Amino acid sequence: MSDLTLTTTRQRPFDPPDEIAELREQTPIHRMTYADGHLGWIVTSYAAARAILADARFSNRPELMHPLIPARMELAGDQALRVPPGFFLRMDAPEHTRYRKLLTGQFTVRRMKELEPRIAEITDSCLDAMEAAAKPVDLVQEFALPIPSLVICELLGVPYEDRAQFQEDTKVLVNLEIKAEDAMGAMTRISAYLYGLIQRKRAKPEDDLLSGLIENGELNDEELTGVAFLLLVAGHETTANMLGLGTYALLTNPAQLALMRDDPSAVENGVEELLRYLTIIHLGPVRSALADVEIEGRLIKAGESVAIHLPVANRDPSRFPDGDALDLTRPATGHLTFGHGIHQCLGQQLARAEMRIAYPALLRRFPGLRLAISPEEVPMRSDMSIYGVHRLPVTW
Amino acid sequence: MEIKADTTVCIGAGMCALTVPAIFDQSEEEGTVVVLDSTPPAELEDAVRRAVTLCPSGAISVV
C-alpha cells in the first residue's frame, strides 16, 4: 500500500500541491492508492508523463480505469461511465481515429486563423458590455466565460440563448464532489438537448459544424450527440478557466501583465507560458496499462492505472528551468497542458486564437484593471476537475 | 534534411503548421499534415526539428 492519495488542495493558488511537487525530484513514478483501494501510480516528471501519453500500451478507456477520488468511485461502477457513442476522448485507436479524423479538418491552424476577426468582434462586444456594467464586475461572468462560450456555440451551431441549462449542467459534471445521480442527470439533460438539436438541424441544416457532420453522413444521431457533447463541454470549461485564472495571475504579476498588454511580440509565447504555468487540468489524465511496461526503471503492470500530474510535470526544471516562475519570455512551447499523444486537444488552435486575442484586448481596454477584493479572497476551483477561479471581482 | 510524414498516424493537432507554416500545412478535409517542401532550406532546419519534437503522434520525422 501507499499512503499517498491525490489531492487538489493547494498551499498557494498558482502552485500545484507541495506534497505532489516534491515527488518529482525523488520518485517521479510513484505508487499511489486510488479511491477504490487500487494500488496504481502517479507520474510527475515531464519525460515520463510525455512518454506515457504517447504510448499506445496505455489505454484511455474508462472501464479499465480506477477512480482517483471518492466522488468518482460512485460513478465508476455505474453505467454512466461507459463511453457514450461518439465520445471519442475515451476511446483508443482505431475507434478514436475514425471520429477524430472527421473533425480535425474543422480545427486546423488555418481554419482558426480565419475565425480570428470574428473572435475579436465577440471579444469587443463582451468588453463593451463589461465597460457599461456597474463596477465591480465578475470577470468570469463578463469576459472569461462568454467569449469561449459564444465562439464554440457559433462554431458548432448551438443557439447561445440555450446556454443557461447546459452551462449549469457542465458545472455539475466537472464538480469533484458531485453525487452520481446528479452527474447522471446533467449528462442526460445535455445529451437530450443536443439530440433534439441534431434532429432539428437534420431537418433544417445551417452553415455550422454540426450541420456539416450531419451532411457528411458518416455518423448516426447517437454518435453525433456524443461528439457534440464532447466539443461543447470541452469548448466551455477550458478556455474560460484559462482566461479567468490567467487574468488573476497577470494581475498579481504586474511586470508580466505589462508585457502582455504592451508588447504584441510577447503575446504568442506569453499565452504558451500561461498555459504551462497554470496547467488547469489538475486531476489526471489517467491511463491504464494494457501490458507490462517498464518506464525509467519502474515496472507498470498490465491493469494498473497511471495518473499523469500535468501541473507538476509542466514545472519540471529539467525541461523548464525555474519552472515555478511565470515568465512570459521563456521558451514555453512543448508544455503538456493540451496533453500529448493521440488525444492531444483537438481544439487547441482555437483556444490559442481566443487567448491571443482576449488577454491583450482586455488589458488594453482597461489599463487600470485591478482586483476588487484582496488576492487571498479569490475563490479557487480546487473542488472542480478543471482548475481556475469561481469568481474574479475586478474594477478599473 | 528530408522530411517524412505519415498521415495514417497524424491526428491533426496542427503543431507542425503552427511551428513552421512555410514547411507544413494541414489538409482541408482531414486536417492531417501536408509537407509543402520536403527538403527545407538550412535556415529552417532547427524549426523543423522543433516541429518534429512537438508532434504529439510521431507523424513527422527527418532523415
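Predicted model: local features only at pLDDT ≥ 70, side-chain atom pairs only at ≥ 80, totals over all residues.
**First stop: a three-stranded sheet in chain A**

Select β4, β10 and β9 of chain A, which form an open sheet in the order β4-β10-β9 with antiparallel pairing. The edges are held by β4 (137-138) and β9 (370-371), each of which has a single partner strand, so one side of each is left without a neighbour in the sheet. Next, show β9(A) together with β10 (residues 393-395) of chain A, where two bridges join the antiparallel strands; if you pick A:R370, its bridge partner in β10(A) is A:T395.

**Second stop: β2 and its two partners**

On one pairing, β2(A) runs antiparallel to strand β1 (residues 29-33) of chain A, with five bridges between them, and here A:T33 stands opposite A:L39. The hairpin of β1(A) and β2(A) has five residues between the strands, and A:G37 takes a positive phi near 90° in it. The other pairing to display is with strand β8 (residues 305-308) of chain A, which is parallel to β2(A) and connected to it over three bridges; selecting A:W41 will show A:V306 of β8(A) opposite.

Over all chains the structure holds 31 salt bridges. Begin with A:R24 and A:E25, whose closest N and O atoms are 2.6 Å apart; A:R24 is buried at a relative accessible area of 11%, whereas A:E25 is partly exposed at 47%. Then select A:R98 and A:E218, whose side chains meet in a salt bridge with an N to O distance of 3.0 Å. This pair links distant parts of the chain, since A:R98 lies in helix α4 and A:E218 in the loop between α10 (209-216) and α11 (221-251), 120 residues apart. Both partners are partly exposed, A:R98 with a relative accessible area of 33% and A:E218 with 40%. A further selection, A:R12, A:D15, A:D18, A:R315 and A:D324, shows one network joined by salt bridges that share partners.

Highlight A:K101, A:V109 and A:R110, which supply 31% of the area that chain A buries against chain B, more than any other three residues. Across this interface the rule finds two salt bridges, and in a salt bridge between the chains the side chains of A:R110 and B:D25 meet at 2.5 Å, N to O. There are also 10 residue pairs in polar contact across the interface.

**Last stop: A:Q344**

Finish in the loop between α14 (310-313) and α15 of chain A, where A:Q344 is found. A:Q344 counts as buried because its relative accessible area is 5%, under the 20% cut-off. Among the residues it touches are A:R100 and A:F338 in chain A, and B:I11, B:A13, B:M15 and B:P56 in chain B.

Methods
Residues numbered from 1 in each chain as written. Chains lettered and ligands numbered in written order. Heavy atoms only, no water. Pairing = 2+ DSSP bridges. Helix = DSSP H or I, 4+ residues; strand = E, 2+ residues; numbered from the N terminus. Buried area = accessible area lost by both parts, 1.4 Å probe. Salt bridge = Lys/Arg side-chain N within 4 Å of Asp/Glu carboxyl O. Polar contact = N/O pair within 3.5 Å; in protein donor to acceptor, adjacent residues only side chain to side chain. Buried < 20%, exposed > 50% of the residue type's maximum accessible area, 1.4 Å probe, protein only. Contact = heavy atoms within 4.5 Å. Lists of a residue's contacts leave out its neighbours within four places in sequence.
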